[in-house]
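Me: I have a protein model open and I want to learn how to read it. Can we go through it feature by feature?

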Amino acid sequence: MELCPPMKTPHDVEAAFYAAFRSLDAAGMQSLWSSSTQIFCVHPGGALLTGSEAVFGSWLQIFAAADPPQLEYRLLHSWQGEELAVHLVEERIQPSRGKTGGSALVVATNVYAAVRGDWRMLSHHASLPMGLPPDSREPRQVHCPRFFPTHAARFSSYPDQVCRPHHRKAVLV
């Protein structure tokens with residue numbers, strides 16, 4: 001596997017992930033994932049895939065059977081701590097230029113982890129939405145600097161959210 005340069009932010013990984021998806025670049029896709037054995041992927045309508053062999057094998061199958069798609073994504077919501085980030089994105093996937101067929105709207109949750117400042121993908125869970133996406137509200141980001149992944153943080157949908165268990169205000173941007 002060819003190593004990609006260190007990724008400084010989860011947004012860098014996400015942009016490279018969708019660029020690899022658009023160009024059907026299997027090596028590029030593989031280089032963006034964490035080297036942890038605990039990586040996960042769920043494709044729309046598919047089963048849970050765990051571990052690098054299953055995850056990368058699924059991308060190889062997808063890429064082998066496809067023409068490069070037209071793919072756009074937009075960030076709907078995000079949360080980022082010091083070493084973990086979660087992005088909820090909307091993907092709009094259309095056939096290659098010149099090919100016929102409709103577009104697919106997919107909602108995905110992408111999870112990223114940082115090891116010594118290098119961000120990589122841990123999980124990609126994509127599904128077809130059961131309803132229409134929210135209106136075109138601007139993306140919002142919830143920051144809770146003292147959140148630890150081992151604690152259960154509960155957030156409401158109000159601007160004066162409290163990050164539990166620290167009882168510090170989360171900042172909405």
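This is a predicted model: local features need pLDDT of at least 70, side-chain atom pairs count only at pLDDT 80 or more; totals for chains, interfaces and linings use all residues.

Me: What share of the residues counts as buried?
Reply: Buried means under 20% relative accessible area, exposed means over 50%, and partly exposed lies in between (1.4 Å probe, protein chains only). Of the 173 residues in the protein chain, 37% are buried. Now take the surface. Accessible areas come from the Shrake-Rupley method with a 1.4 Å probe, and for residues only the protein chains shown count as cover. The protein chain has an accessible surface of about 10300 Å². Carbon and sulfur atoms hold 56% of that surface.

Me: What share of the contacts joins residues 24 or more positions apart?
Reply: Contact means heavy atoms within 4.5 Å. Among contacts in the protein chain with a separation of 6 or more, 52% are between residues 24 or more positions apart.

Me: How do I find empty space?
Reply: Rolling a probe the size of a water molecule over the atoms shows where empty space is left. The search uses a 1 Å grid over the protein atoms alone. A cavity is a set of points where a 1.4 Å probe fits but cannot get out. A pocket is an open set with protein on both sides within 12 Å along at least five of seven lines. Lining residues have an atom within 4 Å of a point. Grid points are joined across faces, edges and corners, and a volume is the space filled by probe spheres set on the points.

Me: Which residues line the second largest cavity?
Reply: The whole structure has 2 cavities of 30 Å³ or more. The second largest cavity has a volume of about 40 Å³. Its lining is A26, M29, Q30, F56, W59, L60 and F63. Both α2 (26-31) and α3 give at least two residues to this lining. The largest share, 4 residues, comes from α3. For classes, Ala, Val, Leu, Ile, Met, Phe, Trp, Tyr, Cys and Pro count as nonpolar, Asp, Glu, Lys and Arg as charged, and the others, Gly among them, as polar. This lining has 6 nonpolar, 1 polar and no charged residues.

Me: What is the volume of the second largest pocket?
Reply: The second largest pocket has a volume of about 240 Å³. Of its 16 lining residues, F21, P44, I62, I93 and V106 are the closest to its centre. At least two lining residues come from each of α3 (52-64), β4 (84-94), β5 (104-115) and β6 (118-127). By class, the lining has 12 nonpolar, 2 polar and 2 charged residues.

Me: Which residues have the most contacts inside the largest nonpolar core?
Reply: A nonpolar core is a set of buried Ala, Val, Leu, Ile, Met, Phe, Trp, Tyr and Cys residues joined through side-chain atoms within 4.5 Å. The largest one has 29 residues, and F17, F21, M29, W33, V55 and W59 have the most contacts inside it. The largest share of this core, 5 residues, comes from α1. Another core lies apart, with 5 residues, among them W79, V111, A113 and L122.

Me: Where are L24 and R116?
Reply: First, the general rule: most residues other than glycine have a negative phi. L24 has a positive phi, near 55°, and is in the loop between α1 and α2. R116 also has a positive phi, near 50°, and sits in the loop between β5 and β6.

Me: Which of them is buried and which is exposed?
Reply: L24 counts as buried because its relative accessibility is 18%. R116 is exposed, with a relative accessible area of 81%.

Technical notes
Residues are numbered from 1 along each chain as its sequence is written. Side-chain values use heavy atoms; hydrogens and water are left out.
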